[in-house]
Amino acid sequence: MALTRLTSANAIPDDSVANVKMANIVQSKNILINGDMQIAQRATSTASITSSGYHTIDRWQTSITNLGTWTQSQDTDVPSGYGFAKSLKMDCTTADASPAAADALYIRQIIEGQNVQYLKYGTSSAQSLTVSFWVKAVKTGTNIVELYNNDAVKFISKSYTISSSNTWEKKTLTFAGDTGSGDGFDNDNAASLYLHFYFGSGTDYTSGTLNTSWVEASGNQTGRAVGQVNHADSTSNNFWITGVQLEAGDTASEFEFLPYDVNLQRCQRYCIKSGTGSAYNSVGGLGLAFSTTQVDSNFYLYLPMRTIPSLTQSGNFQVSDAAAATATTSITLTSAQSSDYNISVRSVVSSGLTQFRPYRLEAANSTTAHLLLSAEL
């Protein structure tokens, strides 16, 4: 095969070489985590939702203020032929056809500032952001997607239309970059960029003019969700979403599918669920009794969590050795650093342990008992 020498006339420009190199190096163009809704560590379905929080799908938080009652689930209804296996489903179980002024409901993902420095917000070179997603709903009409810059306290909103009831539709929206001086994202692990998908809102969000460019939050709240239909107005309303991708630039590319293990590990920076699957399942390393009522055990992590996590216990646990098992009365974190690959957990029992003997912390005859470590934004 003949080789052609590149001369100055047909040489590849330096910026093109850089772009090719970056295309090969950068593995995740999607700023979001778990946009295909594959990971649901906490639960695959949660009913009677009337308060904000992380209920099912990892990294997707529900924000609700007095706008109906909902069941949220990880569903298998997906657009056919595009590679998706799961979606996030919102099912209205108690309707609210007349929202109060301050009522609102949306799902959102919150992004660390250190992950979006390359967007160059706060400079004249701030990059546009394009969000693409698949959506299906019983109720047709106008819906709102919003970006929120938490560090500059600014909003921008775009509308899209669900044209056909109970039909998967792909939507693409592009948001201008925020070039305002001093409006960049803080370079840390705190909450900086928010992506909101609205389901309904009161007049505090809808009585102004839609904020289609970046505006200060103060004085512009009424322009956040202008035109938004109310998916809470009937218990017949269901809403599904999947394939959510947020990327730099003004063009949407095909959804970036990551291997399940990679997706899971990215989620585990923010949440780790341990202890489910079988009765007497161990949830930590071997611990040591430092008294007749206390065992300290280590959790070994695959990667450091975003910050020092909180610990939530669900179900009953026990500490056991070869001779006996003793029920715990409390389980707490004793020490944890966000840079560490392990954390220390203290299990307390009423009495009966042998000091300096090793014990194992385990679920007490339950396949659902678990410990949840959360370092969410």
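1. Let's start with phenylalanine 133. In this predicted model, phenylalanine 133 is buried, with a relative accessible area of 0%. Tyrosine 160 counts as buried too, at 4% relative accessibility.

2. How many aromatic pairs does a search of the whole structure find? The search gives 15 aromatic pairs. One of them joins tyrosine 82 to tryptophan 134: the centres are 4.5 Å apart, the planes make an angle of 45°, and the pair is described as tilted. Tyrosine 82 sits in the loop between β3 (69-75) and β4 (87-94), while tryptophan 134 belongs to strand β6 (residues 129-137), so this pair ties together parts that are 52 residues apart in sequence.

3. Are the two partners buried or partly exposed? Tyrosine 82 is partly exposed, at 44% relative accessible area, whereas tryptophan 134 is buried, at 10%.

4. Now back to phenylalanine 133, which forms an edge-to-face pair with tyrosine 160, at 5.0 Å centre to centre and 75° between the planes. Phenylalanine 133 is in strand β6 and tyrosine 160 in strand β8 (residues 154-162), so the pair ties together parts that are 27 residues apart in sequence.

5. Have a look at the rings around this pair as well. Phe133 and Tyr160 belong to a cluster, linked by ring pairs, that also includes Trp60 and Phe197.

6. The charged end of arginine 59 is over the ring of tyrosine 270, 3.8 Å from the ring centre. For lysine 136, the charged end sits over the ring of tryptophan 240, and the distance to the centre is 4.7 Å.

How values were computed
Residues are numbered from 1 along each chain as its sequence is written. This is a predicted model: local features need pLDDT of at least 70, side-chain atom pairs count only at pLDDT 80 or more; totals for chains, interfaces and linings use all residues. Side-chain values use heavy atoms; hydrogens and water are left out. Rings of Phe, Tyr and Trp (its six-membered ring) pair if their centres lie within 6.5 Å; planes under 30 degrees apart count as stacked, over 60 as edge-to-face and the rest as tilted. Helices (H or I, at least four residues) and strands (E, at least two) are DSSP runs, numbered from the N terminus. Buried means under 20% relative accessible area, exposed over 50%, partly exposed in between (1.4 Å probe, protein chains only). A charge sits over a ring if NZ of Lys or CZ of Arg is within 6 Å of the ring centre and within 35 degrees of the ring normal.
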